[in-house]
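Let's take a walk through this structure together, one topic at a time. Have the sequence and the 3D view open as you read.

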Amino acid sequence: MKPQEVDTRFEGEGRRQFMRRLLNELRALEQMIRDGMIESGVRRIGAEQEMFLVDRGWRPAPAALQMLEQLDDPHFVTEFGLFNLEVNIDPSVFGGDCLRRMERQLDGFIAKARAAAQAIGLEIALTGILPTIRKSDLTLDNMTPKPRYQAINDALTKLRGSNYEFHIKGIDELLLRHDSAMVEAANTSFQLHFQVAAHEFANLYNVAQVATAPVLAVATNSPLLFGKRLWAETRIALFQQAVDTRTTSLHMRESSPRVTFGSRWVRESVLELYREDVARFRTLIGTEPDEDPFIKLNRGIAPELKALRLHNGTVYRWNRPCYGILDGKPHLRIENRVMPAGPSVVDELANATFWYGMMSALSDRYPDITAVMEFEHAQMNFVAAARQGLSAQMTWLEGKELPVSHLILDHLLPQCEEALERRGIDGEDVRRYLEVIERRVRRGKSGSRWLMHSLATMKDQGTLGERLNALTAATIARQKAGQSVAEWEPARLEEAGGWQHNYCTVEQFMTTDLYTVREDEPIDLAANLMEWERIRHIPVEDHEHRLVGLMSYRHVLRVLAHDRHAADGTSLAVAEVMKRDLITVTPDTPTLEAIALLRKHRIGCLPVVHDGRLVGIVTEDDFMDIARELLEQKLREQD
């Protein structure tokens, strides 16, 4: 659906007319299924590859429109964020060397995108969540300026009626409030398509639901967000919360998120999913009417069903039903949206082979997979895979419980190999890609494991910003080499580059783990905090984390030496002695500008404020690290 087809005047009668069209198209699809118009007897596969654009400082680069001009290729399209691109792989018949051809085409597209990016001083990265992405990148200024994206954001924000709130807990905990749906742009994926006939849709869709967890467990590649160590595949939690329109005020009422695994098996038809989505989720955007589906059906022409497809595109099932037309014939597909982008193209093709293999093997063995698995077990397996990756425990068919690594190695890989070869897929290709899965499982080395291990090996080196830069730089370098993540060496701090990449702005090295005091607290507390934590500056904030003052070590010592209230057991309040006239910076303040402020005002620290709230602090000591880095770099250059 082209973005310009969206009707941005989507209220009142326009919304009612769109809903009538949507219901009419559902009836048309029902007739098409009943009359046998949906293509059958052929299986096709396809894929969509999303990617990040990255600048020389390893940060997201909002240059998608410039990239599209450079590329001049209809396979490439925009995504929600200006620092994202998507490329669509051509569909191919499921058989022979289809997997190898998919890899070859994807390699070609990635090479083309990389060349276009490098021509304008950028790189591309295949990763579920870019390690260096920050909240400041997720502003409306970085939303792709297309009517569809703006309309979706406006509609979601209006339905929520409040800010977007995120809470994800892993090793660390993320608590975040944001003002738009742009957090969705922090995710990129590798989406697979699998064409099915109408009469086989129900069982194959249920098989896709069952197969999702083991594939996700071995494919995880998104354990980090804003430097926080969260789920093995944090995209799952993040995307659900990014477009969730539910509110806590209706906590007693059962409701579904727009990003969903689903709530039950499909029993008969794809219509069950479409009807449920119309019933549960309000339409967000519309299109102008341009066809009557029944007039086209009477002429023997497949209708486009634009309203149905547009609404379907705003309900984000992890396995999503899709209607399409190819060479004039209407068809149905199952779209797997679970897998993250990366770590490498060969890893993505291995994940695809594993999923296609499971779709084939399980449907061969079980004409009704719901007879051997409870829906709740498939759902629990999915969440366990997202949270724990290769460490997950699975409740498998007929209630068997076993580690996902044993399930994959002892049961699923042999079944997949047999099923794919029965389908006529080239045996050498099948073994090559499934061996990639086997090596990753045996070595315990998924993309998320590599990222977490690399971060741990750099634990006491540099700043967090440097370590995240190193992860991004190493990811891009290793992707260019073309090997599976099972062969990757850990990222090294020096891969982040020189100080120009790591200290461009205050946000890259500011301290965010802060000790603060309130105005009404005694200065004795400030003095003790400084002694216990060996810090020289303590910000003063109110109950909403707004910066209201600052206490310095010298200031506290001077006040305590003359505190005449100490003799009678009282103490001065922080508000009585704190410094109120403050020099502050924002996270985006350039480093050189911050240094100039310190020198000009002869101060020892700069509180960092965003939207009026305290988010960090930088001190003279932080800038000494930059000076040392500069000196070491110059010495290396002389050697």
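How many disulfides does a search of the whole structure find? The search turns up zero, where a disulfide is a pair of cysteine sulfur atoms within 2.5 Å. Take C98: its sulfur sits 14 Å from the closest cysteine sulfur, the one in C416, and that is too far for a bond. Seen from the other end, C416 is in no disulfide either, with the sulfur of C98 as its nearest cysteine sulfur, 14 Å away. C98 is buried, at a relative accessible area of 0%, and C416 counts as buried too, at 1%. Here, buried means under 20% relative accessible area, exposed means over 50%, and partly exposed is in between (1.4 Å probe, protein chains only).

Before going on, a word on the ground rules. You're looking at a predicted model, in which local features need pLDDT of at least 70 and side-chain atom pairs count only at pLDDT 80 or more, while totals for chains, interfaces and linings use all residues. Residues are numbered from 1 along each chain as its sequence is written, and side-chain values use heavy atoms, with hydrogens and water left out.

Now for the aromatic rings. Rings of Phe, Tyr and Trp (its six-membered ring) pair if their centres lie within 6.5 Å; planes under 30 degrees apart are stacked, over 60 edge-to-face, and the rest tilted. That rule gives 17 aromatic pairs. In one of them, F94 and F194 have ring centres 5.8 Å apart and planes at 80 degrees, so the pair is edge-to-face. This pair links distant parts of the chain, 100 residues apart: F94 lies in the loop between β4 (84–93) and α3 (98–119), and F194 in strand β8 (residues 190–196). Helices (H or I, at least four residues) and strands (E, at least two) are DSSP runs, numbered from the N terminus.

F94 also pairs with Y356: their centres are 5.6 Å apart and their planes at 55 degrees, so this pair is tilted. Y356 sits in helix α10 (residues 345–365), 262 residues from F94. F94 and Y356 are both buried, and F194 is buried at 2%. Elsewhere, ring pairs join F239, F261, W265, Y316, W318, F375 and F382 into a cluster.

Last stop: helix α5, residues 201–219. Its 19 residues should span 27 Å at 1.5 Å a residue, and the end C-alpha atoms are 25 Å apart, which agrees; the expected span is 1.5 Å times one less than the number of residues. Along the way, α5 bends by about 35 degrees at A211, with a proline, P214, following within four residues. That bend is the angle between axes fitted to the seven residues ending there and the seven starting there. The helix is mostly covered, with 19 of its 19 residues buried.
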